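Have the structure open beside you as you read.

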Amino acid sequence: MMETKNLEGRSVLVSGAASGIGRALALECARRGARLVICDVNEKGLGEVETAVREMGREVLARRVDVAKESDWRELATLVHADRECVDLLVNNAGVGLGGGLLDTTIEDWDWILGINLRGVVLGCHFFVPRMVERKRGGHVVNVASMAALAPSETLVAYSTTKSAVLGFSEALADELQWHGIGVTGVCPGFIDTPIVASSVLRGPSASDEARAQAQAFYRKRGYTAERTAINILKAVARGRIVAPISPESWFAFGLRRASPSALRYLMRRMGERLRRELAAPR
Ligand SMILES: NC(=O)c1ccc[n+]([C@@H]2O[C@H](COP(=O)([O-])OP(=O)(O)OC[C@H]3O[C@@H](n4cnc5c(N)ncnc54)[C@H](O)[C@@H]3O)[C@@H](O)[C@H]2O)c1
């Protein structure tokens, strides 16, 4: 198990570190003494995080990486491994949102979200885990899935699909890597107040400024911060959790899925129905 209170001398890689949960996690790891590798497609946000980490007096390597692109990962891995044996903590956090059902979603939408949310996570592991194994001194992998993996929703069909796959991948990988003393955690955040709702692609009935504003207001009011999420992710790593719900709603979904899968499906259907009614109602 990996101690996370003090990360002095530990190398931590965070993808999607320019914003939200990734940004908060990178800053929290820096505060705890880590040497950081951060990447994102958002170079402006990444530059801000890089500056903030330097101002804390910590070492940081920042690179533009599109997690869906094998060549970007390969270049980053070459750069990182030229300088250290391997990273101690790999956080595959980068992800995008896509609202809508199968009937609303194009094949290009599927390719886009599968490329980032699923292939991005697999590529991160492909390029960084083998060196951890070769070093023979443990390490930890965090893959950020979602509550949508515990409670897949008809309003987020493609998104739920990618996150369920990330969680399944993480569980299987945890069993594979335990033989090498490496831990794996699939993180399932609930509703976290980050810019993800603003940047999500919306399709079908939810594809309106009004629906987006409503969702943003809901997340804001819920008020569960990225900083709190980062702290709880590091706690889950220290505890060696394989599946880590974050926030009470996600713990509820985790529990209900185990206690009564049919009750969970009933609840999700009622919620989908309610959303459809609200979106169809004249304003
Ligand atoms: N906010 C929530 O409520 C919530 C809930 C469950 C899961 N999540 C997951 O948490 C993770 C972080 O999301 P967030 O809420 O912090 O959102 P966010 O939008 O604030 O941050 C996501 C980051 O990923 C980056 N990114 C997007 N596509 C990329 C690509 N192709 N290559 C590299 N970087 C890319 C973005 O530029 C952004 O900086 C995501 O995987 C998301 O699905 C979020």
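The lining of the largest cavity divides into four nonpolar residues, four polar ones and no charged ones. Here Ala, Val, Leu, Ile, Met, Phe, Trp, Tyr, Cys and Pro count as nonpolar, Asp, Glu, Lys and Arg as charged, and the others, Gly among them, as polar. This is a predicted model, in which local features need pLDDT of at least 70 and side-chain atom pairs count only at pLDDT 80 or more, while totals for chains, interfaces and linings use all residues. Residues are numbered from 1 along each chain as its sequence is written, and side-chain values use heavy atoms, leaving out hydrogens and water.

Which residues line the largest cavity? They are Ser15, Val67, Asn92, Asn93, Ala94, Ile116, Gly120 and Val121. A cavity is a set of points on a 1 Å grid over the protein atoms alone where a 1.4 Å probe fits but cannot get out; a pocket is an open set with protein on both sides within 12 Å along at least five of seven lines, and lining residues have an atom within 4 Å of a point. The largest cavity has a volume of about 30 Å³, a volume being the space filled by probe spheres set on the points, which are joined across faces, edges and corners. H4 gives the most to this lining, with three residues. Helices (H or I, at least four residues) and strands (E, at least two) are DSSP runs, numbered from the N terminus.

Now follow H4 (residues 107–135) to helix H6 (residues 157–178): their axes come within 9 Å and cross at roughly 15 degrees. That makes H4 roughly parallel to H6, since angles under 35 degrees count as roughly parallel, over 145 as roughly antiparallel, 65 to 115 as roughly perpendicular and the rest as oblique. Axes are lines fitted to C-alpha atoms, for helices over the stretch in contact, and angles run from 0 to 180 degrees between N-to-C directions. The residues where H4 meets H6 divide into 17 nonpolar, three polar and one charged.

Of its 16 lining residues, Met1, Gly181, Ile182, Gly183 and Val184 lie nearest its centre.

Finally, the axes of helix H1 (residues 20–31) and helix H9 (residues 226–239) come within 8 Å and cross at roughly 60 degrees. H1 and H9 are therefore oblique to each other.
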